[in-house]
Amino acid sequence: MFRLDINEKLKQLLSDRGWSEYKLAKECGLSESTIANIFRRNTIPSFTTLEAICKGFDITLAQFFSEEELVELSKNK
């Protein structure tokens, strides 16, 4: 059975890109406190927040929840 730990996936995406929480907040247009709460309080982001985070990472929600290797979308296409 597939079970995705959303916070672990977010941490992995940050690590893969070498981003800080601050950089993520700036890229997705969310406050630093919103991002910090997700990680420090281990809260699960709302759908709207997760959507903004995916947009910041330049991925779709489908890509976020996919078990396959992450392929980033090109802004040129």
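A residue is called buried when its relative accessible area is under 20%, exposed when it is over 50%, and partly exposed in between, with a 1.4 Å probe and protein chains only. By that scale C54, at 1% relative accessibility, counts as buried.

This is a predicted model, in which local features need pLDDT of at least 70 and side-chain atom pairs count only at pLDDT 80 or more, while totals for chains, interfaces and linings use all residues. Residues are numbered from 1 along each chain as its sequence is written, and side-chain values use heavy atoms, with hydrogens and water left out.

The chain holds five helices and zero strands, where helices are DSSP runs of H or I with at least four residues and strands are runs of E with at least two, numbered from the N terminus. Of its 77 residues, 35% count as buried.

A search of the whole structure finds zero disulfides, a disulfide being a pair of cysteine sulfur atoms within 2.5 Å. C28 is in no disulfide, and the nearest cysteine sulfur, in C54, is 9.7 Å away; that separation is too far for a bond.

| Residue | Relative accessibility | Class |
|---|---|---|
| C28 | 12% | buried |
| C54 | 1% | buried |
| S33 | 46% | partly exposed |

S33 lies in helix α3, which covers residues 32–40. Its side chain makes a polar contact of 3.1 Å with the side chain of S31, the term meaning a pair of N or O atoms within 3.5 Å, of which, within protein, one must be able to donate a hydrogen and the other to accept it, and residues adjacent in sequence count only if both atoms are side-chain atoms.
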